[in-house]
Amino acid sequence: MKEMFKKLDIDLTDRQVEQFEKYYKFLLEWNEKINLTAIVEKEEVVVKHFYDSLYLAKIVDFSNQKICDIGSGAGFPGIPLKIIYPEIDLTIVDSLGKRIKFLDLLCEELKITVTNVHARAEEYVSTVWQQYDLVFARAVAKLNILSELCIPYVKIGGKFIALKGANAAEEIANSQNAFKTLSAELEKYIEYELPNGFGKRGIAVIKKNQNTMKKYPRIYGKIKGSPL
């Protein structure tokens, strides 16, 4: 793990290696109780979940950032980033109570401080409107849907970062109206190879330029039924 993460210019401490080992074991244990991930083999988890989450460190400066991870599921990318950058102020929002319970207990196990919120993204945003420097989403939803859910969380000058599969150019093209409507624009899109032949991934970085209109996000049924 240490050698692999050096490709990201990350030198793991012994404590961080221990935290990732605990994370993996805890993930397997809880995956038998609730559906957290279809990926359970250790090398795959390390590459497709841990390494993939930490690739963000090559793109974004995390020093003293207030971050929100939307629909984090089993904690990706937020928890791996918190292990490496313990100073970040991290909030995770997820709509499933069982996943939030898992995250609460995981944070206790890893001895890290994270605000885990059980709520729907389109509802919780009213309490933290435009407060975050960085907002992440690693969900399977289309980018125009994710944009409406996530960009209202981002402060002016901040960034929404969507972790996608490779070849997301069409998705990005179909999201231009959403970016414009939500007062944001695509800053860059980066594709990269995961180690050990585990495939390609892409990251879209969307910058928030002005205030988003208060009528967004709409209720989820409208977002999904009539995307921007």
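Predicted model: local features only at pLDDT ≥ 70, side-chain atom pairs only at ≥ 80, totals over all residues.
View 1. You'll find Glu-171 in helix α8, which covers residues 169-173. Buried or exposed? Glu-171 has a relative accessible area of 19%, and buried means under 20%, so Glu-171 counts as buried.

**View 2. Helices α2 and α3 packed together.** Two packed helices are described by the angle between their axes and the distance between the axes. Here, α2 (residues 14-31) and α3 (residues 42-54) pack at an angle of about 120 degrees, and their axes are 11 Å apart. That angle makes α2 oblique to α3. As for handedness, the crossing of these two helices, α2 and α3, is right-handed.

**View 3. Who meets whom between α2 and α3.** On the α2 side, look for Phe-20, Glu-21, Tyr-23, Tyr-24 and Leu-27; they meet Lys-42, Val-45, Phe-50 and Leu-54 of α3. Sorted by class, this contact has seven nonpolar residues, two charged ones and no polar ones.

**View 4. Helix α3 under its cover.** How many of the 13 residues of α3 are buried? The count is 10, so this helix is mostly covered. Among the buried ones are Val-46, His-49, Tyr-51 and Asp-52. The cover over the buried residues of α3 includes helices α1 (2-6), α2 and α4 (78-84), plus strands β5 (154-165), β6 (184-193) and β7 (200-208).

**View 5. The cap on α3.** Zoom in on the N-terminal end of α3, and you'll see Glu-41 capping it. A side-chain oxygen of Glu-41 lies 3.2 Å from the backbone nitrogen of Glu-43.

Conventions: Residues numbered from 1 in each chain as written. Heavy atoms only, no water. Helix = DSSP H or I, 4+ residues; strand = E, 2+ residues; numbered from the N terminus. Buried < 20%, exposed > 50% of the residue type's maximum accessible area, 1.4 Å probe, protein only. Axes fitted to C-alpha atoms, helices over the stretch in contact; angles between N-to-C directions. Parallel < 35°, antiparallel > 145°, perpendicular 65-115°, else oblique. Left-handed = near helix turned anticlockwise from the far one by under 90°. Contact = heavy atoms within 4.5 Å. Nonpolar A, V, L, I, M, F, W, Y, C, P; charged D, E, K, R; others polar. Polar contact = N/O pair within 3.5 Å; in protein donor to acceptor, adjacent residues only side chain to side chain.
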